[in-house]
Amino acid sequence: MTAPPGARRGAAPLSDTARAFASLDLRVRRRLGGLLHGDEAGLRLGPGSEPEEVVRYRPGEDDVRRIDWNVTARSSEPHVWRTVAEHERETWVLVDETASMDFGTTDLEKGDLATWVTGALGLLSAGPGNRLGVAHLRPEGMAWSAPLPPRTAAMQALSRLPASPDQAGAATGRTPTDAGLPATLDLAGALDALGARHRRPGVRVVVTDFVEPDGRTERPYPWERSLRQLALRHEVLVVEVVDPRELELPDVGPVVLVDPETGHRCEVWTSSPRLRLEYAELAAAHRTSVAAAVRAAGAGHLVLRTDRDWVDDLARYVVRRRTPRRGGR
């Protein structure tokens, strides 16, 4: 799914938000309907509806309606089913909204893609009692959106899609070329804050481009330890958003590159085959290193590109990762 040509993030009228929500809802339901709906299975026995084991009946403690008559007949003693505890799914999405996300060379910027993904996650996690909250990592620090029913949270997320191209840079309050104040909180700090603020086990999704403020492209990354700690308690999915121009440079002659985090400018000659080759090799090595770090932390990893059908990529990931209800965490 793509936004209208030239569209960027901002505050869209309600009618535009409603149309975007309806379009996304239809697209997601066609591709992923039913794959993530339902309650969250617990890790221990308790109130629920899914049988787990058969035990001897204890008068006054067990429910006689759960007596297993087949086992009772074979053993000559009353036995009952004990069930797996079920509870609501709590999902939190950490969205990177730093300056590097305000970049895109197709109809979709990375920040816009992050917004669409947040909306899709709201639709996918919809279910009785489920809640979805959004944590925003911005240059000035963290902002928190209160947990809401997932479909309401999806609508709220999509309301930030732009109504016109005149709202460029509205999400961060500056344009990519502004040399504003550095971020007071990096991705590692945001992950720590998310883990400390919401400790109840659930689903945590991190949407980011992994552009380091210091330009680091090799391990160890500052966020590795924080991501590993988050994955110890929660089911974590990392969604990495990428623009094609971050992977390779086109042959367009002299180009002025601007660091969106610091405003630093650098002029390069893109017609040099050696320069383009070295750039592509460094970019590929960085993506490989990030993938290895995410995998070592025990989190799922999904790469979405601004020039691809991201709904299709999301659907393939969900189908590939789909496991039986009691097949593990």
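1. Let's start with a cut-off: a residue is called buried when its relative accessible area is under 20%, exposed when it is over 50%, and partly exposed in between. Now take W144: its relative accessibility is 27%, so this residue counts as partly exposed. W92, by contrast, has a relative accessible area of 1%, so W92 is buried. Both will come back below.

2. Before going further, remember that this is a predicted model. The protein chain has an average pLDDT of 78, and 76% of the residues reach at least 70. Two stretches call for care. Residues 34–51 have a pLDDT below 50, although the model gives this stretch 62 contacts beyond near neighbours in sequence. Residues 164–184 are also below 50, with 37 such contacts. Where pLDDT is low, the predicted coordinates should not be read in detail.

3. Now the whole chain. The protein chain holds eight helices and 10 strands. Of its 329 residues, 44% count as buried. Its accessible surface is about 16800 Å², and carbon and sulfur atoms make up 53% of that. If you take the contacts with a separation of 6 or more, 77% of them are between residues 24 or more positions apart.

4. Six strands make an open sheet with mixed pairing, in the order 5-4-3-6-7-10. Which strands stand at the edges? They are strand 5 (141–148) and strand 10 (300–305); each has a single partner strand, so one side of each is left without a neighbour in the sheet. On average, neighbouring strands are turned by 15° against each other, ignoring direction.

5. Strand 3 (residues 90–96) and strand 4 (residues 131–138) run parallel and are joined by seven bridges. If you want one of these to look up, E90 has R131 in strand 4 as its bridge partner. As a reminder, strands of a sheet pair through backbone hydrogen bonds, either parallel or antiparallel.

6. Helix 3 (residues 110–124) lies across strand 3, strand 4, strand 6 (203–208), strand 7 (235–242) and strand 10, and runs at about 175° to strand 3. Then there is helix 5 (residues 187–197), where the buried residues are L187, A188, G189, A190, L191, L194 and G195. What do the buried residues of helix 5 pack against? Their partners are strand 3, strand 4, strand 5, strand 6 and helix 6 (224–233).

7. W92 sits in strand 3 and W144 in strand 5, so the pair ties together parts 52 residues apart in sequence.

8. Another pair is F210 with W223, which is tilted: the centres are 4.6 Å apart and there is 40° between the planes. Both F210 and W223 lie in the loop between strand 6 and helix 6, so the pair ties together parts that are 13 residues apart in sequence. F210 has 4% relative accessibility and so counts as buried. W223 is at 1%, so W223 counts as buried too. Finally, ring pairs link F210, Y221 and W223 into a cluster.

Note on methods:
Residues numbered from 1 in each chain as written. Predicted model: local features only at pLDDT ≥ 70, side-chain atom pairs only at ≥ 80, totals over all residues. Heavy atoms only, no water. pLDDT = per-residue confidence, 0-100. Contact = heavy atoms within 4.5 Å. Pairing = 2+ DSSP bridges. Helix = DSSP H or I, 4+ residues; strand = E, 2+ residues; numbered from the N terminus. Axes fitted to C-alpha atoms, helices over the stretch in contact; angles between N-to-C directions. Buried < 20%, exposed > 50% of the residue type's maximum accessible area, 1.4 Å probe, protein only. Areas by Shrake-Rupley, 256 points an atom, 1.4 Å probe, with all protein chains shown as cover. Phe/Tyr/Trp six-rings, centres within 6.5 Å; stacked < 30°, edge-to-face > 60°.
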